[in-house]
Amino acid sequence: MPQDVEVAESEVGGLRLLELVRGFTKVVIIDALRSGGAPGEIKRLDADEFRGGHRYGSAHSIHLGTVLELGRELGLPMPAEVVVYTVEALDVETFGEQLSEPVAAAAGRLVDLIGDELATGVCPASLAAAS
Amino acid sequence: MAPTGRMLRELLYNAFYVTDHTTHFYILAGPDFIMGPESDPAKRNILGVINKVGLEIGGAVIKLRADAAELISMIGGKQIHPVMGLPGGVSQAITAEQRDRMVQITAEQVEFAKFTMGLFNDVVLGNNDYVDLIKSDAFTHETYYMGLVDENNKVNFYDGKVRVVGPDGAELEKFEGKDYLAHLAEHVEPYSYLVYPYLKSVGWKGFVDGKDSGVYRASPLSRLNASDGMATPLAQAEYERFYETLGGKPVHATLATHWARLVELLYAAERAHELATDPDIINPDVRNIPTGIVGEGVGVVEAPRGTLYHHYKTDEKGMVTAVNLIVGTTNNNAAISMSLKKAAEGLLTGGKEIKEGTLNMIEMAFRAYDPCFGCATHTLPGEMPLQITVRNETTHDVVATAQRNM
């Protein structure tokens, strides 16, 4: 892991993300996803793919894309690049302290991919080819 | 409960209120007023507000949120789902250094709340059209009002008794949270699994207001109506101005909820500052360890959106066996439905073109409650089945249907 990388575990979303990502040059977000894919499947998404809007019904409807745009408009020191690594979840409705088997199996590969990206500064070749 | 533990809980809670009410005013509801209810929707948002009021206000809102999150994390361990609340108090004391930072943060929150009140005065109360809109019949319902009050009948978010006043402002009942089931019942409709709570002593008479209908509201406006005032000086002065301006108690104008929310913002900031500057706040004795399992308990606080009831039963090991919750938005379910209907009936008149701005003004009836239907409709195991039917506006024939089961 490069020395100038900071790792944080966080449960926040919406506007609170703004407070978390400001001041960094690049941000890599790791999250679970339910998209109908195979459990354990890893995807790499560009934050620009998360489009928001600026008309909100509730604080919960403030999305990643909206937050990033808001930060830029406010003139805050926003990261030049935000990427999101997702792992397809098997089950997000049963409480427990363990990862499901396919997600646990994907964890090692995910760490390798992100380590590769942080070391080289670019999208790992295997994911670039997939997308 | 250990007194300092209780103070730390209340301090955290009021700091949370400051950030929550601020977010609603500047980001969710404020654009309707600051930009105008019929303004270009592309500009009727926080970015439009920043362009109009100044870039620094956006930065101030973000800073306030970050500072409040820092304070909450100092007491609660983390900002979302704090982990400090334990039976008998909190998990850890704060240091003198942390206290000093909290004093600084809460002092800035008071100044920000005063600034926000000034902005509301200039932009909303200084505009006769807005004042007329707030007072208009399309946004008015005469209901019962509920709110938590202290021993002096002053608004309190964290503790006290639940007080209910009628459409005439007279006290109907005042009860402890543990007795909520004797005072509240839940009406159900076949089309929704979100219930419609009502006052048992008055009874469910349908989606109607008035003294004979058990429909009540629990919101910032309701809390002010159900109380005799605010327990801090600046908020009390605003409370008095609120009723002087709007013609005395109770105020039935739904859109006045925005003003009431800012009175509460000021109170929350003042109360947080009071607690942060209390010498006992750094007392290391923050928890009385419980010696037994009670088996059943009801907790009641004022959530930003309304009175929040938590009722738990446990077995002899303290494991939860039954839960019942009435969350802020749930209290207002009937009133929100009525407000939307009345606003629509008042604003959509036959033969007139329906403009986007008109539809937004109907939405304003909804937004005044700052509703969180996510909180109000959580189900286990987390699924949200939804069925949509689209009908022809004249023949009422079904044009299309859509359904999802997750």
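Modeller: Chain A has four helices and three strands. The model is predicted, so to speak of local features we need pLDDT of at least 70, and side-chain atom pairs count only at pLDDT 80 or more, while totals for chains, interfaces and linings use all residues. Residues are numbered from 1 along each chain as its sequence is written, with chains lettered from A and ligands numbered from 1 in the order written.

Colleague: In what order do the elements of chain A run from the N terminus?
Modeller: α-β-β-α-β-α-α.

Colleague: And what share of chain A is buried?
Modeller: 20% of its 131 residues. Buried takes 20 or more other C-beta atoms within 10 Å of the residue's own, with C-beta atoms placed from the backbone.

Colleague: Switching to chain B. Which strands form the open sheet?
Modeller: Four of them, in the order S5-S4-S3-S8, with mixed pairing. Strands S5 (171–175) and S8 (216–217) of chain B are the edges, each pairing on one side only. Two strands pair if DSSP finds at least two bridges between them.

Colleague: How many bridges between S3 and S8 of chain B?
Modeller: Two, in the parallel sense; S3(B) covers residues 144–149. Tyr144(B) stands opposite Tyr216(B) in S8(B).

Colleague: What about S9 and S10 of chain B, parallel or antiparallel?
Modeller: Antiparallel, with eight bridges joining S9(B) (residues 296–303) to S10(B) (residues 306–314). A hairpin of two residues links S9(B) to S10(B). Val301(B) sits opposite Leu308(B) in S10(B).

Definitions and conventions: Buried ≥ 20, exposed ≤ 12 C-beta atoms within 10 Å, placed from the backbone.
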